[in-house]
Amino acid sequence: MTNSNISLNFLEIEPMEFEVKFHWKKLSEIPEDQHKTFYIRNIKLKEEDEKYEKVAIVFEPQESFKEKICSQNFNLDITKQFLFKAIFQKCKNDDLFETNKDKYNRLYFILNKHKEGTETIWLEPYFLSKTNSFGFLLDFKFFVDEEYKKSIASPVDRRILQLSGTLDNYGKSNKEFYIFKQEKIKQFLTKFYSLINQFGFNSSFAISNKLLELNSFLLDAKIYQFENERENKSPYFGLQAFPPLQKPLNDTNFIFVFKDSDRNIAIDLLKGLKGESFPQQFAGIEKLFRIKFNNNNITGKKVNEINDEVLNDLVKEIKESSINLLPIILTNSKTSELDEKLYYKIKHCFTSNNIACQVVTKELVNNSYTLKYSLSNIGLQIFAKSGGKPWKIKPAINDCLIIGIGNKNKETFIEIDEKKWIKKIEKYFTYSVLTDSSGIFKEIQILSEDEQEENYYSKLVQKLKSIVEIAITEGNKNIVVHTPHRISKEKVWDKVFKNIPNDILISIIIINDKHKYFGFDLTKNSLVPYESSCVAISEFEYLVWFEGLQFNNSAFTKPIGSPIYINFWYSNNMANLKNLNFRNKLLQDCINLSGANWRGFKAKQLPVSIFYCQKISEFLTKFEEYNYDNISIDNLKPWFL
């Protein structure tokens, strides 16, 4: 199969080489209360200078500022700011959308206005390292009208979701999201290309009217492993053919908890999980996962309401039981604040007692179509929460520990002047999810928790050192850190790397699903690239489609998300990280780990190292929002499934 080119959401400019003119003044010569009114950068004032000087920069002549003319590669950030100012001058008199909440250097062009909000396309100056070219990233964004937002009862509004592309015109999940995005970009180019083209001094810059195409390559398909290392390319078909990787060490009894008025719904759920309702879609927990799930180990518990008393009694019953008990609780969907609060109350109650539980909503059970295709995922979660391991992934790198890092800092606003507030971290909190490169969950550990920044970093270094040392004694030659954010090289990683044996490799990889990049495969009707497609946007940065077109089946059962941004950011051996073969193996294990997600058979948008950290953060945020007591997450079971 030949690799397709992928069109990045990037419009290149010409010429590729040009001069940048700006005016500068040493920041030390400007009163401090005026600093925020300037664009500030560190530059070498002369080529022969060894040290950088912090200067204020403007792009128009200004008294006491000195002129400097340099090449486009002198300072990439200054060049991007130069391009932004130039295109803003060309477009400022047009009907641009204004937002005071945007942290980016972006211009928002209005496509369409609705009572619900405004459709826009944004432009942002960008340097594409892969092609050594400047240009503009662009993408669609829908801004909700503030008055309309106040008028709606629920934060989830069908019309807003349709206008933003999340839902289609029929109110269903938009499986043509890529087509939706491209149509908006086409509308923008039709409407505004003559305006944005030929900008800058003497109209010196031309913008391409086509997205830039980049070469892509494909990673290998994920290989799932079951009992006795038997393999299959599908987790579901693999479980149909082979026993799971590891059954629970002890038999589990199941307690269905439901309100008396919901008895029939609970029976429908039970029949579905037994495989009686939709045997073609789900043969049942007992048959697929090969554990007991019948009337001999299932009981029901009718209650008037699911409240603190019921939950506490359940916890007591489970703790006092001589056998493993897993509650399966039937509740309303999280559509109202009361229902959402109840859901997190249930999760908090059992998590704080280190007990797994399964929550299922009545709305899901009542919708036979949704239930039919959800039963296998519910069964999978129940099996994992019972202590089973359904499968693992065949890794590209053996003897490798994966450290997924997440954080949940507590922030507050403090007043520094009259009507002037700044955000301050009140408490630092960072944790990790440990797996091996086959995706087997090992444990959750708190890495550092402190109110003082200095103490926080000190604890973080010591804990990471301890994890690395234990990993080395267990025979791991590779230690890979997956994190969505950068952690200080100087304050943390350089200290962790000290005294590490030369044959041990520690690689820090930034993995993020929230970024500014997108791409289309214009050779496909759906515009969606193949699953496992990769595009390099610089030597160390990649976009990877963890989901996408299937080679044997192009029909989508759900919308395909954006690519995942991956940055090979730091290492104790940067020479090794520059090795293309080694980076490809690390990429392979990133996408492999998306298949190790036991939350669902098709839950593969992120590696579990990042996804599980996100779920923990989501729960901790809600626990804090509802003023539930703090919980210790150290060494917990994967309750966040």
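User: Helices here are DSSP runs of H or I with at least four residues, numbered from the N terminus; which residue just after helix 16 takes a positive phi?
Analyst: This is a predicted model, and helix 16 in it covers residues 608-625. Just after this helix, a positive phi of about 60° is taken by Asn-627.

User: How far apart are the end C-alpha atoms of helix 16?
Analyst: Helix 16 has 18 residues, and at 1.5 Å a residue it should span 26 Å.

User: How many residues of helix 16 are buried?
Analyst: A residue counts as buried when its relative accessible area is under 20%. By this cut-off helix 16 is mostly covered, since of its 18 residues the number buried is 13.

User: Which residue in strand 24 is the bridge partner of Ile-402?
Analyst: Strand 20, residues 400-407, has seven of its eight residues buried, so the rest of the structure largely encloses it. Strand 20 runs parallel to strand 24, residues 478-483, and five bridges join the two. In strand 24, the partner of Ile-402 is Val-480.

User: What is the volume of the largest cavity?
Analyst: Searching the whole structure gives two cavities of 30 Å³ or more. For the largest cavity, the volume is about 50 Å³.

User: How many charged residues are in the lining of the largest cavity?
Analyst: Ten residues line the largest cavity, and those closest to its centre include Ser-4, Ser-216 and Asp-521. Sorted by class, the lining has four nonpolar residues and five polar ones, while the number of charged residues is one.

Note on methods. Residues are numbered from 1 along each chain as its sequence is written. This is a predicted model: local features need pLDDT of at least 70, side-chain atom pairs count only at pLDDT 80 or more; totals for chains, interfaces and linings use all residues. Side-chain values use heavy atoms; hydrogens and water are left out. The expected span of a helix is 1.5 Å times one less than its number of residues. Buried means under 20% relative accessible area, exposed over 50%, partly exposed in between (1.4 Å probe, protein chains only). Two strands pair if DSSP finds at least two bridges between them. On a 1 Å grid over the protein atoms alone, a cavity is a set of points where a 1.4 Å probe fits but cannot get out, and a pocket is an open set with protein on both sides within 12 Å along at least five of seven lines; lining residues have an atom within 4 Å of a point. Grid points are joined across faces, edges and corners, and a volume is the space filled by probe spheres set on the points. Ala, Val, Leu, Ile, Met, Phe, Trp, Tyr, Cys and Pro count as nonpolar, Asp, Glu, Lys and Arg as charged, and the others, Gly among them, as polar.
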